[in-house]
Number of protein chains: 2
Amino acid sequence: MKLSEFELISKLTRKLSCPSEKVVVGIGDDAAVVKLNGSYQIITSDALVENSHYKREWINNFPELYYYLGRKLLSISISDVASMGGVPEFAIINLGVSNQSEEELLEALYDGLSDACKDYRVSIVGGDTVASETEFFDSTLTGKSKGYMLRSLAKPKDLVAVTGTFGDSRAGLEILLENKPIESYLVKRFLDPSARVKEGKEALTLGVQCGTDVSDGLIFNLYTISESSNVKIDIFSEKIPISKELISYVGTRERALQYALFGGEDYELIITFPEKLLNSIERIGFKVIGVVSEGNGVFLDGKRIKKVGFDHLRSVE
Amino acid sequence: MKLSEFELISKLTRKLSCPSEKVVVGIGDDAAVVKLNGSYQIITSDALVENSHYKREWINNFPELYYYLGRKLLSISISDVASMGGVPEFAIINLGVSNQSEEELLEALYDGLSDACKDYRVSIVGGDTVASETEFFDSTLTGKSKGYMLRSLAKPKDLVAVTGTFGDSRAGLEILLENKPIESYLVKRFLDPSARVKEGKEALTLGVQCGTDVSDGLIFNLYTISESSNVKIDIFSEKIPISKELISYVGTRERALQYALFGGEDYELIITFPEKLLNSIERIGFKVIGVVSEGNGVFLDGKRIKKVGFDHLRSVE
């Protein structure tokens with residue numbers, strides 16, 4: 001299999017044409033939106049696969065690994081729902097377990113799932129357990145919403161704003177991959193990202209129409225907005241939120257910026273909105289990092305920047 | 001991992017306690033049922049895993065393997081929805097693809113998915129693609145319903161009835177596993193089971209309260225009804241529907257009966273219902289195979305029969 005994840009998805013999904021007038025948003029955005037009895041339901045799904053998303057040996061360096069994998073399995077799906085302005089409701093969890101899967105690790109995973117359920121007020125309603133030579137965990141989540149934000153609704157003159165900080169997750173992954181001394185904040189940002197449910201919901205309530213979450217990297221996901229909305233996006237490096245923990249880990253803000261721009265798996269939100277909403281948007285915790293204009297491409301400090309992503313098919317290699 | 005699938009699920013799910021008053025049926029039945037704006041939504045999920053549910057080498061004996069895996073991925077989830085009386089609506093498909101996954105096989109899988117979508121009027125609304133050393137395919141399905149049938153609602157004096165024929169699927173699996181000459185009907189009954197949506201919906205409409213589908217074997221799934229309803233079930237071997245193709249494959253009806261009782265993956269429905277509904281139930285395609293009474297256990301021709309199942313964790317070994 002030589003195709004990257006993005007090519008493969010787009011090639012295969014062209015085959016699937018089973019339309020329904022109830023499907024408001026189908027394959028291609030962060031999650032699907034369907035209309036049910038006058039309200040909207042958001043549906044999304046994610047998988048964590050051994051040796052692709054995590055390595056079991058990390059447990060030697062970070063014993064709570066499976067607890068946090070349980071949390072992550074839920075929070076990355078919740079982030080998709082949050083990025084559309086929805087609130088998560090129900091989850092289905094499938095386990096693919098191998099002969100090497102240890103019962104106590106799976107119990108820790110379920111402890112993590114259970115705690116994340118309580119934190120995000122999600123009910124796990126079912127699931128299936130199957131044998132698999134490669135261990136994997138799969139979650140499907142539904143959420144509810146009175147509307148939805150889409151990647152494709154950015155407009156010229158909009159401002160671009162984000163939640164949280166960027167690059168921490170990539171540094172956390174690097175620490176685990178390279179078996180470095182654990183820097184707990186960064187490792188937990190990789191294994192236990194905060195899904196921005198409150199911020200997404202409040203942005204939608206304020207009337208924001210364009211949103212996504214950053215799973216593939218800040219620049220990459222700005223490109224998904226730029227391309228699907230047919231707009232140019234300018235961002236400014238000094239505006240990009242970066243944690244002091246990341247700067248301390250890599251040494252300088254300049255090096256931290258590379259992690260922030262291209263790192264991936266931040267699970268922060270990006271929204272674009274008309275300037276008149278600026279004060280309200282800042283009040284609910286977003287920070288402005290750029291502007292939208294007519295044209296195409298993503299520009300950093302005035303220079304066009306390449307669309308480089310974080311490809312999950314190649315992430316833990 | 002020494003636990004069987006059933007023990008593992010029950011052990012781990014005890015950990016998950018994130019209740020919601022909207023969850024009408026949680027973990028443990030064929031699918032979950034949640035209440036949404038006054039109607040019911042059914043949610044279920046299944047996975048097909050290489051070397052657990054299929055072997056890629058079967059393609060040498062049966063070149064259309066991946067097309068039918070695509071159909072099966074959808075139809076086994078649809079069967080869960082059908083067993084509760086619901087009608088399927090939306091699906092999410094996750095692919096775990098390996099370096100050995102061949103693009104043309106995945107295209108065939110998507111062709112199968114796409115055709116099954118049309119047959120069952122399901123819309124695929126999203127999905128995720130991840131790298132996995134072991135290839136797997138995962139589907140989550142939602143359905144709608146005005147009510148639901150449960151395993152736990154069998155009552156003494158009810159009759160027991162089923163759709164279709166039993167044992168074909170197990171014979172189809174055997175043909176593939178032992179690389180025997182393809183008997184197309186039997187192999188397709190394993191790879192392309194018919195989800196009984198119409199029959200399930202009509203049974204529910206007639207007022208039937210107890211239903212399940214046969215994924216683990218007729219006897220095993222009769223036991224799930226018997227145990228969760230606290231009743232005794234008597235069935236009669238001459239009443240059990242067996243196809244002429246299966247009898248021809250194994251030689252005698254007596255040998256075919258063993259496949260029918262313990263085979264698994266039939267994806268036919270079992271319902272129990274009061275005798276006054278008999279004529280209507282027969283008219284919608286069910287055949288009576290037994291009766292419910294006070295007591296416990298499953299009896300064949302008057303003799304207690306052991307609870308032997310088809311454990312998916314050990315299925316393709």
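Between domain 1 and domain 2 of chain A, about 2700 Å² of area is buried, with carbon and sulfur atoms giving 59% of it. Keep in mind that this is a predicted model.

- Domain 1 covers residues 5-145 of chain A, and domain 2 covers 151-314.
- Their C-alpha centres lie 21 Å apart.
- In contact across the boundary are 29 residues of domain 1 of chain A and 33 residues of domain 2 of chain A.

**Polar links across the interface of chain A**
- The rule finds 2 salt bridges between domain 1 and domain 2 of chain A.
- It also finds 10 residue pairs in polar contact across this interface, both residues being at pLDDT 80 or more.
- On the domain 1 side of chain A, helix 1 (5-13), helix 2 (58-61), helix 3 (65-83) and strand 4 (87-97) each supply at least two residues that touch domain 2.
- Helix 3 of chain A gives the most to that side, with 12 residues.

**A salt bridge in chain A**
- A:E265 and A:K72 form a salt bridge, and their closest N and O atoms are 3.0 Å apart.

**The sheet in chain B**
- Here 7 strands of chain B make an open sheet with mixed pairing, in the order 9-11-8-12-10-13-14.
- Strand 9 (210-213) and strand 14 (303-304) of chain B are the edge strands, each pairing on one side only.
- Helix 2 (residues 65-83) of chain B packs on this sheet, touching strand 9 and strand 11 (269-273), and its direction makes about 170 degrees with that of strand 9.
- Strand 10 (residues 232-235) and strand 12 (residues 287-293) of chain B run antiparallel and are joined by 4 bridges.
- B:K232 stands opposite B:S293, which belongs to strand 12 of chain B.

Definitions and conventions: Residues numbered from 1 in each chain as written. Chains lettered and ligands numbered in written order. Predicted model: local features only at pLDDT ≥ 70, side-chain atom pairs only at ≥ 80, totals over all residues. Heavy atoms only, no water. Pairing = 2+ DSSP bridges. Contact = heavy atoms within 4.5 Å. Axes fitted to C-alpha atoms, helices over the stretch in contact; angles between N-to-C directions. Domains from an automatic or database assignment. Buried area = accessible area lost by both parts, 1.4 Å probe. Salt bridge = Lys/Arg side-chain N within 4 Å of Asp/Glu carboxyl O. Polar contact = N/O pair within 3.5 Å; in protein donor to acceptor, adjacent residues only side chain to side chain.
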